[in-house]
Amino acid sequence: MTDQDFMKIVINKGKQRLEKNISPNISIIVKANLIISEGHSSVGEYELSGHNDLNCINEAAKKLKTFDLSGCTMYSTVEPCSMCLACAAWAGLTRIVFGAYQEDIPQNKYEISDYHAIDHAKRLILPNNQKMEIAGGILQAECAELMKDVKDWILSK
């Protein structure tokens, strides 16, 4: 499967969540073309660190019973914040693929102005001394559309 195929899965899972009136902000982690974990935002449940990426990384680590997620790719509706990017680095995630950039979802604030995960990832060193690869803007318009009713990271419908 391609990055676009996995991003379509993320978008479809986000649409399913929207139908249930739940935030569509979602991530999956894939290893060897198998979905290992899924994480959704739990910020609306008053979990300040309950970002979809963190929840997805934690679930993958528990499922695989390891802190080492090298060889895995995380697919997400939106650009990871700096906290999520750092957690991904500590976990040794090899790749991150996301749809919408922070500029595409201005109603949701990031903690660093002019932040871009792609730029920050260039300075990260993973535990295995590898570099993380990040691809952004994959199915960007669809992901931005999915997030249009999310404000301050909470669904406002």
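1. The structure discussed here is a predicted model. The residue numbers used below start from 1 along each chain.

2. The sheet. Five strands form an open sheet in the order β2-β1-β3-β4-β5, and their pairing is mixed. The edge positions belong to β2 and β5; each has a single partner strand, so one side of each is left without a neighbour in the sheet. On average, neighbouring strands are turned by 15° against each other, direction ignored.

3. The antiparallel pair. Strand β1 (residues 26-31) and strand β2 (residues 34-40) are joined in the antiparallel sense over six bridges. Within this pairing, K31 has L34 of β2 as its bridge partner. The hairpin of β1 and β2 has two residues between the strands, and A32 takes a positive phi near 55° there.

4. The parallel pair. Strands β3 and β4 run parallel and are joined by five bridges. Here Y75 stands opposite V97 in β4. Helix α1 packs on the sheet, where it touches β1, β2, β3 and β4. The direction of α1 makes about 145° with that of β1.

5. The largest nonpolar core. Which residues have the most contacts inside the largest nonpolar core? They are I29, I57, L69, L85, L93, M132 and I134, in a core of 22 residues. At least two residues of this core come from each of α2 (52-64), β3 (72-78), α3 (82-90), β4 (95-100) and α4 (117-121). Apart from this core lies another, of 18 residues, including V78, A100, I105 and A144. As general background, nonpolar side chains tend to be buried together in soluble globular proteins.

6. Contacts of I57. Residues up to four places away in sequence being left out, I57 touches I29, L69, M74, C84, C87, A88, A91 and L93.

7. The buried side of α3. In α3, the residues C84, L85, A88 and A89 are buried. They lie on the same side of α3 because they cover an arc of only 140° around the axis. The buried residues of this helix pack against α2, β4, α4 and β5 (133-135). Just after α3 comes G92, which takes a positive phi of about 75°.

8. The side chain of R95 makes a polar contact with the side chain of E133, at 3.2 Å. Beyond four places in sequence, R95 touches D3, C72, T73, M74, Y75 and E133.

9. Q4 lies in helix α1 (residues 3-19). With 43% relative accessibility, Q4 counts as partly exposed. Q4 and I138 stand 134 residues apart in sequence, yet their C-alpha atoms are 6.7 Å apart in space. Leaving aside neighbours within four places in sequence, Q4 is in contact with I138 and L139.

Conventions:
Predicted model: local features only at pLDDT ≥ 70, side-chain atom pairs only at ≥ 80, totals over all residues. Heavy atoms only, no water. Core = buried A, V, L, I, M, F, W, Y, C linked by side-chain atoms within 4.5 Å. Buried < 20%, exposed > 50% of the residue type's maximum accessible area, 1.4 Å probe, protein only. Helix = DSSP H or I, 4+ residues; strand = E, 2+ residues; numbered from the N terminus. Contact = heavy atoms within 4.5 Å. Pairing = 2+ DSSP bridges. Polar contact = N/O pair within 3.5 Å; in protein donor to acceptor, adjacent residues only side chain to side chain. Arc of directions from axis to C-beta. Axes fitted to C-alpha atoms, helices over the stretch in contact; angles between N-to-C directions.
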